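User: Please take me through the packing, the surface and the charged pairs of this structure, one question at a time.

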Amino acid sequence: MNGEVLRARRQAVLYDKKWLRLLDRAWIFRWIPFVEMAFAAGSMATGKVFPSSDFDILVAAKYGRMFTGRFFLILALDIFRWRRKNLDHGEAAADTICLNHFITEKSYALSPPHQAYWKTLYQNLVPIYGREEKIEEFYLANAWMGERRYGDDLRHKFRTASTPAKFFERILSGKVGDMLEQILRGPQLRRINEKLLPHAGYKPRLIVSDKELELHLDTRRIEE
């Protein structure tokens with residue numbers, strides 16, 4: 001067996017191991033109120049994984065409740081110690097969940113520029129949580145990816161929100177939920193602006209709004 005074939009097999013084994021680890025944790029998204037979809041992105045979408053690779057996740061949350069969903073998702077991941085802190089690198093980041101992109105139904109059409117890497121990345125997004133019709137709606141909003149329709153995938157293990165998540169969504173659907181969203185929004189935006197954005201590096205992709213949060217602080221590796 002030559003070295004190239006051996007490296008390819010090792011890469012495939014590593015990829016499979018990381019997928020099993022991610023899927024063991026994917027259940028958490030269905031327990032978070034106002035989180036509607038989750039897609040595996042980054043190296044898990046492209047297959048270019050390393051032992052230190054983390055799990056980049058594109059999260060879709062309900063508009064008007066994005067900061068509420070993000071707060072509870074961060075809290076849950078921190079409890080299990082599954083979340084990548086934005087400034088973690090190397091072994092500290094390995095197999096942690098990186099929440100660097102949140103969208104809502106008002107930002108399903110992903111913002112340009114749509115370079116070749118981003119097209120490849122988003123063409124290969126893997127849904128791990130969410131209803132099929134919502135996933136299809138997301139694909140249709142991004143015609144720049146090329147034609148893509150929902151197809152059954154064994155990695156799409158979880159499709160509907162848990163009963164507790166639905167309960168809290170009902171409780172927080174009105175004015176109480178509006179107030180909580182505003183309470184949670186302020187500290188999150190301050191942290192993003194004061195703790196994260198100052199560390200932006202090479203050609204960052206940064207969107208901070210009520211309908212989308214994209215926090216790719218450094219895209220150097222994308223151009224390598």
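The questions and answers below concern a predicted model.

User: Which element gives the largest share of the largest nonpolar core?

Analyst: The largest nonpolar core holds 38 residues, and among those that touch the most other members are Trp 19, Phe 29, Ile 57 and Ile 128. The elements that give two or more residues to this core include helix H1 (3–25), strand E2 (55–61), H3, H7 and E6. With six residues, the largest share comes from H3.

User: How far apart are the end C-alpha atoms of helix H7, and against which elements do its buried residues pack?

Analyst: Helix H7 covers residues 175–196, and its 22 residues, at 1.5 Å a residue, should span 32 Å, which agrees with end C-alpha atoms that are 30 Å apart. Its buried residues are Gly 177, Glu 181, Leu 184, Gln 188, Leu 189, Ile 192 and Leu 196. These buried residues of H7 pack against H3, strand E5 (205–208) and strand E6 (212–216).

User: Is Phe 71 buried, partly exposed or exposed?

Analyst: Phe 71 has its place in helix H3, which runs over residues 66–80, and together with Leu 75, Ile 79 and Phe 80 makes a nonpolar surface patch of about 380 Å². Buried would require under 20% relative accessible area and exposed over 50%. Because the relative accessibility of Phe 71 is 33%, this residue counts as partly exposed.

User: In the salt bridge between Asp 78 and Arg 83, which partner is buried?

Analyst: The side chains of Asp 78 and Arg 83 meet in a salt bridge, at 2.8 Å from N to O. Asp 78, with a relative accessible area of 30%, is partly exposed.

User: How many salt bridges does the structure hold?

Analyst: One of them is formed by Arg 131 with Glu 133, whose closest N and O atoms are 2.7 Å apart. For the structure as a whole, the number of salt bridges is 15.

How values were computed
Residues are numbered from 1 along each chain as its sequence is written. This is a predicted model: local features need pLDDT of at least 70, side-chain atom pairs count only at pLDDT 80 or more; totals for chains, interfaces and linings use all residues. Side-chain values use heavy atoms; hydrogens and water are left out. Patches are made of residues with over 30% relative accessible area and no salt bridge: like charges are joined within 9 Å, nonpolar side chains (Val, Leu, Ile, Met, Phe, Trp, Tyr) within 5 Å. Accessible areas come from the Shrake-Rupley method with a 1.4 Å probe; for residues, only the protein chains shown count as cover. A salt bridge is a side-chain nitrogen of Lys or Arg within 4 Å of a carboxyl oxygen of Asp or Glu. Helices (H or I, at least four residues) and strands (E, at least two) are DSSP runs, numbered from the N terminus. Buried means under 20% relative accessible area, exposed over 50%, partly exposed in between (1.4 Å probe, protein chains only). The expected span of a helix is 1.5 Å times one less than its number of residues. Contact means heavy atoms within 4.5 Å. A nonpolar core is a set of buried Ala, Val, Leu, Ile, Met, Phe, Trp, Tyr and Cys residues joined through side-chain atoms within 4.5 Å.
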